[in-house]
Amino acid sequence: MRLVHINLLQPGMKLGKRIYSEEGLVLLSEDVELTSRLIGRLKDLGIGYVYIQDAATEDIIVPDMLQEETKRRALVEIKQQFQHMSGLKSKNRITHFGKALSGVMNSILEDIGSQKEAMIMLMDMNSSDFDLYNHSLNVCVYTLVLGVASGYTRQQLMEIGLGALLHDIGKTQISSDILHKPSRLSDEEYKIIQQHTTYGHRILKDEPGIPLLAAHCALQHHERIDGSGYPFGLKGNEIHEYAKWIALADSYDAMTTNRVYRQALLPHQAVEVLYTGSGTLYEQWMLEQFRDCVAIYPVGISVTLSTGEVGVVAAIQPRVPQRPLIRVIKDAEGQVLSAPYEINLATKLSVMITGVEGVGNSASLLKHEQLNS
């Protein structure tokens with residue numbers, strides 16, 4: 001299958017993967033034939049890319065980081081627990097959700113552990129919008145991949161995984177009018193949003209079955225190493241390593257997910273934006289490891305090569321994710337090839353990716369999201 005920008009969709013194309021709503025419900029199933037009306041509806045939802053079936057790429061399989069049942073169960077549990085917390089304002093109420101979420105964490109870790117070399121692949125390329133439940137799950141999965149790459153023990157993975165899964169639980173105490181405001185927040189509203197870190201710490205610190213370090217992740221995931229973050233303006237080693245990883249995953253997911261006010265960035269754009277904060281917002285060594293764990297060119301995306309040829313990313317090579325396997329479908333003159341062939345950029349070092357289908361210059365406009373996601 002192939003990943004196609006929304007503006008390049010044509011009636012008659014068939015979907016290659018399902019499209020989900022922000023509630024995790026299926027909006028359109030695979031094999032659905034697109035019509036002008038459906039394409040218009042997808043544009044209205046703010047979806048930037050969809051997977052379509054394509055004869056030249058029919059054998060290209062887009063990998064999923066989690067099994068469908070694991071993802072479904074996780075989202076149901078996250079939604080249930082977060083919605084329950086939204087009705088609890090007293091800091092003394094004990095909800096006992098640690099056991100249920102620990103079970104979810106075990107399933108997620110099993111799925112990630114079953115992969116030979118886990119990579120950070122986009123979780124929601126076909127989702128309609130950003131929401132708290134999917135964001136929490138995405139950040140958890142991305143953070144766990146980083147934890148595995150860092151050599152963390154099973155206990156450490158459970159700690160950081162729960163910290164990532166629950167990093168934004170404090171937002172259940174914020175008015176939904178502010179959380180989902182489509183326009184710019186006022187200074188007063190932004191101060192209210194910032195309180196979600198302390199609310200999250202308050203909810204988690206005495207919760208049975210939730211490690212205290214998970215509460216610190218909720219408290220510190222918006223701190224930045226130069227002291228520009230919140231709530232305390234901590235610097236450098238004052239911030240726990242877990243919270244630093246979650247900060248990267250949090251910002252990355254915020255940038256690569258659709259919002260009501262702009263379309264998602266592609267991974268290579270988001271990584272570029274993150275790198276502008278190297279040594280100021282984020283540790284350089286962490287950014288380097290993050291980059292090496294991210295499939296910056298999603299499987300199925302169309303790219304232009306330095307040779308002038310156009311191809312589709314056919315596979316990610318974990319040891320060199322920036323140099324994927326490309327299936328060339330058009331020659332340098334733009335003619336569609338009757339017999340596509342593949343170029344391995346990991347060995348063909350003279351060939352570079354020079355462009356990605358549908359990408360503009362929006363990355364520079366989103367640097368503020370590194371801090372405010």
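This is a predicted model: local features need pLDDT of at least 70, side-chain atom pairs count only at pLDDT 80 or more; totals for chains, interfaces and linings use all residues.
**Entry 1: proline 231.** I started with proline 231 and found it in the loop between helix H9 (212-220) and helix H10 (241-255). Leaving out residues up to four places away in sequence, proline 231 touches Thr197, Thr198, Leu219 and Glu223. I also checked lysine 191, which is 40 residues from proline 231 along the chain; their C-alpha atoms are separated by 9.9 Å.

**Entry 2: helix H10.** With 15 residues at 1.5 Å a residue, H10 should span 21 Å, and I found its end C-alpha atoms 22 Å apart, which agrees. How many of its residues are buried? I counted 14 of the 15, so H10 is largely enclosed by the rest of the structure.

**Entry 3: helix H4.** I ran the same kind of check on helix H4 (residues 132-149). Its 18 residues should span 26 Å at 1.5 Å a residue, and the end C-alpha atoms are 26 Å apart, so that agrees. H4 is mostly covered too, with 15 of its 18 residues buried. Then I looked at its two ends. At the start of H4, aspartate 131 has a side-chain oxygen within 3.0 Å of the backbone nitrogen of tyrosine 133. After H4 comes glycine 151, and I noted its positive phi, near 80°.

**Entry 4: strands S6, S7 and S8.** I wanted to know how S7 (residues 325-330) pairs with its partners. Strand S6 (residues 310-315) runs antiparallel to S7, and five bridges join them. One of the pairs I picked out is valine 313 with isoleucine 326 in S7. S7 also pairs with strand S8 (residues 336-344), again in the antiparallel sense and over five bridges. There I found lysine 330 bridged to valine 336 in S8. What do S7 and S8 form together? They make a hairpin with five residues between them, and glycine 334 in the turn has a positive phi of about 85°.

**Entry 5: the whole chain.** Last, I zoomed out. I listed 13 helices and nine strands in the protein chain. Of its 373 residues, 53% are buried. Among contacts with a separation of 6 or more, 67% involve residues 24 or more positions apart. The accessible surface comes to about 16,500 Å², and carbon and sulfur atoms hold 50% of it.

Definitions and conventions:
Residues are numbered from 1 along each chain as its sequence is written. Side-chain values use heavy atoms; hydrogens and water are left out. Helices (H or I, at least four residues) and strands (E, at least two) are DSSP runs, numbered from the N terminus. Contact means heavy atoms within 4.5 Å. Buried means under 20% relative accessible area, exposed over 50%, partly exposed in between (1.4 Å probe, protein chains only). Accessible areas come from the Shrake-Rupley method with a 1.4 Å probe; for residues, only the protein chains shown count as cover. Two strands pair if DSSP finds at least two bridges between them. The expected span of a helix is 1.5 Å times one less than its number of residues. A polar contact is a pair of N or O atoms within 3.5 Å; within protein, one must be able to donate a hydrogen and the other to accept it, and residues adjacent in sequence count only if both atoms are side-chain atoms.
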